[in-house]
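Biologist: I am new to this one. Could you walk me through its aromatic rings?

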Amino acid sequence: MVFSLCNVNAQEFEFYQNPVIRTDLADPSVIRFDGAYYASGTSSEWAPFYPIYKSTDLVNWIQVGHVFEQKPDWTEGSFWAPELYVYNNKVYCYYSARRKSDHKSYIGVAVADTPEKAFEDKGPLVTIGSECIDAFVFNDNGQLYITWKAYGLDPRPIEILCCKLSNDGLHLEGEPFTLLTDEESIGIEGQCIIRKDDWYYLLYSARGCCGPGSDYEVRVARSKKITESFQNYSDNPILMRSDDFQACGHGTVTTTPEGRYYYLCHSYQHNAKFYMGRQPIVQELVFGSDQWPHFKTGRLATIRQPMPSEGIKQGEWKQFADNFASRKLGVSWTWNYTFCDVKAEVNGNGKLLLSGNGIKESNAAVLCQRTPDSDYSFAVNVLNNGQSMRGIVLYGDAGNYVALVLRGKKLQIISMCNGKDTILSEIPMKRRSIRLQAEVKDSRTLSFMFDDGNGMKKLEPCSVDASHTTPWDRVARPGVISAVLVNSKEKPAEFSDFQMWKR
């Protein structure tokens, strides 16, 4: 597996560009642990669950693992808003997930020795009312508190609630109390708390989080006591949409070794980059003479930011390649667990074997990468043929994707829209192995090519609209697709040499 980074122009070394993690990673949480920064975010209906990224400078990040490789036993889906927290030299993850016994979203907790080691799930922690999401944990002079968003599904104002935690961080103690109420009925969530001097400051997100109409923004309130109601800042919001970003919010604060504050949250970009989803941005937080926090570059979220320190050079995503030489699937591969129990095997000889367990052909197995840019290409070798399709795909969910597949003696472009598939193009193909390639423009327009041993050729139609592949709260992902059933007589789909590069 190969990652390639190239450096930006020398004159830009004093500045970095947001997003700092250039992929869909909503609701990010950030901590500093053992000399490095770690971040995680929502994985929604994709597995593995809650990807973990690492950085030494807050600007350059690389994925190093996941909180969970398998779903915790009590959960069924909606894996949102993990909150990383360092306590007693261990790392805790307080996460939101839907409970399979009643299909309600509640907050669980897991613990690991380090962010890069396996987390042990401790089960559900906050199970009050019809929904509890967006956890944040705060240590007030040795007493742990957990906060969360409550009543978001009820016919009453949303509240940010708080409750004491036990010394081990695994149990609630006492009764919850209210920190803030959504008196404007605009939606509040994604909170975090910092303490400075005599004040507790509650940063939170307001308005719509997701989709084309999102208008997320960051606000702040404060209180002299953690147990009393917080009062809003009269000049809210402190971070909001701009010419660079459509919406921004749901983040947490970390500090540098020098004690400076940095806020990592997510944001949509405008135009074609909107379809890359909610990407993490980081901005420095400072305190003004009015004793309120402000962002150093102003209330408008901006791409260009001053470097946190000297000597940092921001890398730019250039390409990704996986030759499947390892016997372990690469950390950046994802699959949608809600529609297919994916069986993926890397045999160590340069082959990926992919099939689905107990599925219908219409619910194909996929392995995907997160979208790296709005304009990119990706390709793979398909090494075997059969009656079930196998090829490349831009995948939203089981009912919405666009794929180029080899199936029997045909090469087909298939558009699946709301569960109905349409064959857009079909040509005869006798070869059992072939290289397939897709070019993506503006995140949602595709063109396809193939190489059957006689050079790369373009397929008609030259342009395929994939706008329907983007779910409301996440983005379509490029990857490989197989409709081979585990229990069928067909061999698993075989792939080699996956590549993805910036156009």
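What follows is a short talk about ring pairs and charges over rings.

Modeller: Happy to! This is a predicted model, where local features need pLDDT of at least 70, side-chain atom pairs count only at pLDDT 80 or more, and totals for chains, interfaces and linings use all residues. Residues are numbered from 1 along each chain as its sequence is written, and side-chain values use heavy atoms, with hydrogens and water left out.

Biologist: How many aromatic pairs does the structure hold?

Modeller: Rings of Phe, Tyr and Trp (its six-membered ring) pair if their centres lie within 6.5 Å; planes under 30 degrees apart count as stacked, over 60 as edge-to-face and the rest as tilted. Counted that way, the number of aromatic pairs is 28.

Biologist: What kind of aromatic pair do Phe49 and Phe79 form?

Modeller: Their ring centres are 4.5 Å apart. With 45° between the planes, the pair is tilted.

Biologist: Are Tyr87 and Tyr92, which also pair, buried or exposed?

Modeller: Their pair is edge-to-face, at 5.9 Å centre to centre and 65° between the planes. Buried means under 20% relative accessible area, exposed over 50%, partly exposed in between (1.4 Å probe, protein chains only). Tyr87 has 12% relative accessibility and Tyr92 has 6%, so by that cut-off each one is buried.

Biologist: Which ring has the charged end of Arg222 over it?

Modeller: A charge sits over a ring if NZ of Lys or CZ of Arg is within 6 Å of the ring centre and within 35 degrees of the ring normal. For Arg222, the charged end is 3.8 Å from the centre of the ring of Trp199.
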